[in-house]
Each structure stands twice: as C-alpha cells, then as structure tokens.
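Thanks for taking a look at this one with me. Please have the sequence and the 3D view open as you read.

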Amino acid sequence: MSATATPDAPAFVAKTKGGRITNFVDERVGGSGILREFGRKVFPDHWSFMFGEVALYSFVILLLSGTFLTFFFDPSMAETRYAGSYMPLKNVEMSVAYSSSLNISFDVRGGLFMRQVHHWSALLFVASVSVHMLRVFFTGAFRKPREMNWVVGGVLLILSMAAGFTGYSLPDDLLSGNGLRIIDGVIKSIPVIGTYISFFLFGGEFPGTAIIGRLYMLHILLVPALILLMIVMHLFMVVVHKHTQYPGPGRNDGNVVGYPLGPVYAAKAGGFFFIVFGVIALMAGFFTINPIWNYGPYDPSPVSAGTQPDWYIGFVDGALRLMPGIIGDWKVEQIWFGHVFTFNVLLPALVPAGIIFTVLFTYPWIERWITKDNREHHVLDRPRNAPTRTAIGMAGFVWYCVMWAAAGSDLIATHFHVSLNDVTYWLRALFFIGPVIAFVVTKRIALALQRKDREIALHGRETGRIVRLPHGEFIEVHAPLDEYKRYKLVGFESPSPLPAEPNANGVVDSKEKRRAKLSQWFFEDRVAPATPAELAAAHGHHGEHEAIESGENQKTLSH
Amino acid sequence: MGNHSDGSPNHSGTVATAGQNEVEKFQDPGIPPHRLRLADTDPKAAKRAERQVALLFGSSVVGTLIFLVAYFAIDLGDDTSIATIRLQNALLGIGTAFAMLGIGTGIVHWAKALMPDHEVSEERHAIRTEEDRLAAVRIVDDIVEETGIKRRPLIRNTLLGAVALAPLPALAVFGDLGPRPDNTLAHTMWAPQDGKLKRLTRDPDGTPIKASDVTIGSAFHVIPEGLNELHEGKLNEKAKAVVLLMRLNPESLNPSPGRENWGYNGIVAYSKICTHVGCPVALYEQQTHHLLCPCHQSTFDLTQECKVIFGPASRPLPQLPIAVDSEGYLVATSDFNEPVGPSYWERDEHERNRNA
C-alpha cells in the first residue's frame, strides 16, 4: 500500500506533521497496512486482564535490572576472603560469587536497590503468571481456539519458576546453598540415573565448584531466551485470536467490544507499565528481600531455623515435608534388587507437580472431550456459570495451597504456638480431603450464586424499601433491572448432560459411555438462565402490571 | 447427586447441542448507551483533569530529582554504615516510585478522564478461510507426495535411523560435564589415615575436643581434623563429614549389639547430614534427646540410635564410632560404616562393599 508515485498521479502530501512522519516511514519500509490493522484494533477492558500485563511488565523490569546486575556479578566459586565494606563478614572465607553479591549490595551505588528490584520483580513475575493462569482457567478462556496458547502459558509458568530458581541460587549464600542441597538430594533419589545427573550437574560431588557458573549461564541466557520466545508466541496468538471478552450486553462470540488500541487502550496499558515499575520500586526501597549478608556464605554445616524457599518452590518443598519417611515401622525407602528406591523423596517431589502440570496442560482437551463442544469461544464464562469447572479449579488450587502451607509448617507452629507434628498431621489430612471439600463447597457456592442471579433477573433488585399495603401486609419493593443489567445475568449457556451417542458404526463404545458419565457429572447440577416467559410469569404472579422493558426498544441481535 | 437442580420449567433432558435449550432466550439488548463523563460535558471539569494530569507528570520530575540527589549526595565508602545504605536504598526507591508512578498514573488518568471512552464493537473474523484450509491441506499432500517418502520406505527408514542416532554425540559431550559417580560418596575424611585415627575438632575453628570438655547435655558441631587445611574440595569433604557430638546419661543410650563401643562414656557422634535430602540436622533438643532437621522437620531419636520418629526421612542418621586417644582427645575409630546423607541408587551396594 506504500505510495509509489506514478508519473501521472500527484504525489501524496500529508497535511499534518504526524502524517508526514508516517508517510516518510511508510514510503521507505512500508507498514501502513500493519498500522491500519492494529492502530484502532479493539481491545476489551476488564481489571482481570491486567495480570498478564503485570507478568509482561515485570519481565521487562527483570531484563533491565538483571542486565545491571550482570555488570557486577562474578559467578566464580573460587575461594576468596571478603574485603568489602560489610564489617561482620570481613576476612571471612567465601566464594567469589557471594563476595561479588555482597559488593553489589554494599559497594555499588544503587546496587542493593537493583538487587531488590530484581528479586521483587522475580517474585511478582511468577505470581502474576500464576494468577493470570487462574483467571484464564476460571473464565474458560483456554477453550477453542486458545488451547495452544494455554499450553504456551503453562510452559511460561514452568520457565518462570526455572528462571527464579536458577537466579535464587546464584549469590551462593547459606540459604540458597541449602536449597541446592535439597535439589541434589531430590536428584539423587531418581532411580538408575539420579547419581549420574547429580555428578554431571555439580561437576562431581556436591557442592563442587561448577554449579554457580552453570546456573548463571542458564539464568541469564537460556531461560530468558526461552521465555522471550514463548512470550512472542503467546502475544502473536493473542493477536491472531483477538482478546476474549466478558459476557454482557452487546458482546457475543462474533464481535469484540472494547476500546480502540490507539489512543485509549495503548495509553492505559502503557501507563500501567510505569505503575508496575513504580510499585516494584516502592517495594524494593522499603521491604528487604533476601538479605544475603545475614545468611553468610554457603557452608554445608550450619543452617538457620525457619528456612523457606522463594514462594513458587514452596509447594514442592511442602510436599517433601508432608511425606512420611516411615509409616509405622515400615520404611518408605525400599531396597529392591540391591538398589535403593527413595520413594519418600521421589513421590512427593515428582507426583504432585506431575499431576498439577499434566492436568493443567491437558485440561482444555479433557473438557472438550467431555462436553463435545467444538465451537469457538470468545466470550468468557463467569466462573459461577461453569460450576463444575470452577469446582475442579478450586480443588486443584486448594491442593496446591495445602502443599504450599506445608512449606511453612514450622513457621505456622511457632507463630500460632501449636505443635509442629500436629500441623503436619492436619496438613497431611487436608492434602487428601482439602480438594474434595473445596470441590463440593465451590460447586454449591457457584450454583447458589447462579440461583441468586436468576432471582434477581426475575424479581429485580432488593431496594430495602418496605411498603405496607392497604390490607396490612408488608412487602419489600423490588426494583426491576434494566435490560442491560438483566442480560448480564441471563445471557449465558447452561449445557445439560450429553448422553452417549453412537459412533459412525452405530455402536456406543465404552469410551463414549465413560464420556457420557463424565458429562453427567459435569452438567447434572445446573441452573438454567431465566427466560422471558419466566419473567412474564413472575410479573404476572406478583399481580404487578409494570411495563416489561425488555419487550421494548429491541436492538438488533447478532445471532 | 441425583437431585438435579435445574431451575428451568421445561427442561427436557434431551441432548443439548450448540444452541443449547430450545427455550426462548432473552434478546441481546446491545451495547448499553454511552454515558458521558463529567469532563465530557463540563469544560471546567476537563480543565481540572488536565491540571491533575500535568501535576502527576510534575510529580514524576520530582521523583527523578529525588533519585539523582540520593544517588550523588550519598557516597558509598569503606566506612559507610548499614543505616546510610538503607537510607539511600529507601530514597532511590521513593525517587523511582514517584518518577514511574507519576508518569503511569498521569497517562492512565489522561486516558480515563480525557480520551474518548466510547466502547466500540468490532467484528471478529474467522482465523482462516475454508478455501485457505483446503489449499493448505492440498499443498501438504502435494509436498509429501513429491518427496515420495511414502513410496520409498528404504529412504524413510534409513533417515529415521540416522536422525535417531545423530544426537548421541551430543549426549556423549554432556557426559563429560562431571566425572562418573564412583564410590567417593561412600567415603569421608573420618577414615584413619596411615593408621592414625582422626581427631574430632570443633566446627569451624578446628580445635580438637577433649572428652572431659563434653559435659552431659552439651552438643558440639564437629569437623574432622585436617579439614580446614585442605586446599581443594574442602566444601565437598565438609558436606559429608560434619558430625554432631552429644553427651547423654549413658543409661539413656540403648546401643544395639556391635555398637556398644561406638560411644565413650555417654558421648556419641552422629552424621549431621540428613538422610532425607541432605540438609544439616542442626537442632538438638536437649530435654527429649531429639535431633530435628530444620528443612523438612525429620526428627531423629538419639536414645534409639537416631531412628526416625517423625518426618520424611526414612533411615537413621549414621553413627560415627568414637573413642579417646592417649591425650584424652576424642577420635574416630573408623569411617562411618555406611554412606552418609541422602539416598542414591547405588547406596546399598556401597554399604555392602563397605562392610564386606
């Protein structure tokens, strides 16, 4: 579309300065097509869409602050004696990595601030990726056509944890060293190849002198490159699919309702970057994070009580704590055929995380198989309108939280003055029954909320105004909703169970029967959205003869 | 769950497909009418919003200045106190926060109060056209056909074989990331060297411990004699050799057959490396004679030869056999008779070899 001026056509002359610049660039590199496509592209707006933005922005801040840190950090594990300005550690033997981390904190101007910005944004990065995924799950945004983007998001979650963990270990302080010690123990529990992996990773016996340099390379090159690649894929697919939108009047699977990218959406999103940066700066300025100078250099002998990993590793650490090593007199660690099967480490380290990520990655396909719903969805579900999915999500969330809480079992015990053993026993019980309780309670709450929606849609909103009728009866006046608000409450799908259907050969196979059973389980408890007939009946029932607004001024439908 | 709580009056129980129930649905009333903001109708309000935005941008300038002042006015030297660093850190934080939040909130306020806030609707287009899809499928088929890979299985199979084997060199290269595991995991510095028994010395200074220094109820963190003098691999050795030394009333100890002489006068030494995943079992509960690992709370009972009584560890802590030398110092009579620390695949084999 670039303006290649033919001899007879007069050259295009833009009237404004902005227009001339656009034209200058376009005549040389093109791109007006892209601008035309995206300059006014409509983006739906909702506060919950912000989590993904927070993730993106904290990653940008991680790159900026991390680059600064690399200028001063030295990932060597060579022994040195500390000669920096932090008195308590003067002349203490330590690795160069730890010493340079101390120098960043105490001798590089603004270094401590940068370290804290980096660590806080790392915590925020994993947190915002996680919350973003919860939002996507509970609103059903992973459904067709976005299944692959959901998988990319899951990979990003794993990568963000990998980035966090490799970075956490770099200062080579006592706390992170013990974290590596635990990783080494977990790796050694892997059958057959565990010892080999441990020796290869650490370049020999733990701790060796290689691991910090290797983690550094992973942390500053490989993992961020993969994250960047995944982010590009993620955003590319967002552009291809266009953003999902919450249900509401005027919104359907065939349109996008929102604000144009330029100027208003771009301004809000761009401005939000600075807000995220500002909030992280505030945290970095006022809340100490990872005070490595208090921990001292890594030494295999000491350890401080109340040690905690960074929050996102907590669920694995908690699972390790919950697993009993002996049950009665029976050792969970078994020796079979002369080899050690360290189930007391292997099971908690691999199984819960394995289950969580397997379900996470496959869930879109599981739900699609159960519901046989192969349509494209661009309008989100309100979580209450998909009670079983919401309940599954909460069950998984509670399961995760039980393990996460277990990583702080000692702190729970000391803060609340209860027995550590009791805390562990309770959490072990909750590990199994917590998700079940969460499932049942969540489903009931979702159904109750749906019924409340029905009630409000049919009978209006409670005004709190009590009126006494001539014959003495007191009633509370209900104000009818306007049609837009009502549509938000009634404009959803409530699928009913889908019985087994014969396949192409006319046979109902056992897989299909299983699917039908799951469909029954998925949809049997359902609250149907209120219908106009019900609304009319409700009004008639009350003997009120108000005009039913919904009948009037109908707008065009896009169905 | 037989109680179907379907509120619809004409729930048919039939198959619900794309269109869902056949009952009549509410019609979509369309996008709600646009509501004007105060700044849209009142020029005064618009002017006020404009000033607010400018003020926010101004506060960002102030933040930048705070940062620069804090950066240059506070110099870090060798004698800088922690309080000064803390102050500088806080000021840098405030400065950056103002600089960033000023810009961010300013832009957002500008967008929300002054830029057009009409919600607009845009059509979604199909991700791809049916025509494109058919063409793409045909192209893929053509490409596969032209390679002839289906007709020439010999080519296909040899290629698959070659590709499957090609990564082996890469694996081999990574195989030299570290030495192959050998039985070093099963040995520690406690093994007597040239017939000389190793003394138990204090962690970290390495001074030897006299049996008479160990009073009942006391506990020592112990490293082997000579550890501090190592030039290489000091941490590796320390990670295996650290020991906890405690003295109990001899009656509280219940040594099993063969271990009666492993302690001295109620003094016993146990590996400090947890048999779970290797954290130091650093907490000694004097009253109950329990050892607790702070990482995952494995608890070992000293009176039962450090048997696991709680937590995720499965094996007791290995005991170090000790005695007293002619000068009254505590010495290890031999190495541990089993590998210390977390379990690993070859551990049982190593243990059997040790005791063979």
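This is a predicted model: local features need pLDDT of at least 70, side-chain atom pairs count only at pLDDT 80 or more; totals for chains, interfaces and linings use all residues.

1. For the complex, the predictor reports an ipTM of 0.88 together with a pTM of 0.90.

2. Let's begin with chain A, which has 559 residues, 45% of them counted as buried. Its secondary structure consists of 19 helices and 10 strands, and its C-alpha trace spans about 90 × 85 × 65 Å along the principal axes. Among contacts in chain A with a separation of 6 or more, 72% join residues 24 or more positions apart.

3. How confident is the predictor in chain B? The mean pLDDT of chain B is 88, with 94% of its residues at 70 or more. By element, the highest mean pLDDT in chain B belongs to helix H2 (residues 43-73), at 96, and the lowest to helix H6 (residues 168-174), at 86. Do treat residues 1-21 of chain B separately: there the pLDDT is below 50, although the stretch has 33 contacts in the model beyond near neighbours in sequence.

4. Now for the place where the chains meet: 118 residues of chain A and 98 residues of chain B take part in the contact. On the chain A side, helix H10 (residues 261-286) gives the most, with 17 residues. Sorted by class, that side of chain A has 58 nonpolar, 37 polar and 23 charged residues.

5. Which strands pair across the two chains? Strand S4 (residues 255-260) of chain A pairs with strand S1 (residues 120-123) of chain B, antiparallel and over four bridges. To find the spot, look for Asn255(A), which stands opposite Glu123(B) in S1(B).

Technical notes
Residues are numbered from 1 along each chain as its sequence is written. Chains are lettered from A and ligands numbered from 1 in the order in which they are written. A residue is buried if 20 or more other C-beta atoms lie within 10 Å of its own, exposed if 12 or fewer, and partly exposed in between; C-beta atoms are placed from the backbone. Two residues are in contact if their C-beta atoms, placed from the backbone, lie within 7 Å. pLDDT is the predictor's confidence in each residue, from 0 to 100. Ala, Val, Leu, Ile, Met, Phe, Trp, Tyr, Cys and Pro count as nonpolar, Asp, Glu, Lys and Arg as charged, and the others, Gly among them, as polar. Two strands pair if DSSP finds at least two bridges between them.
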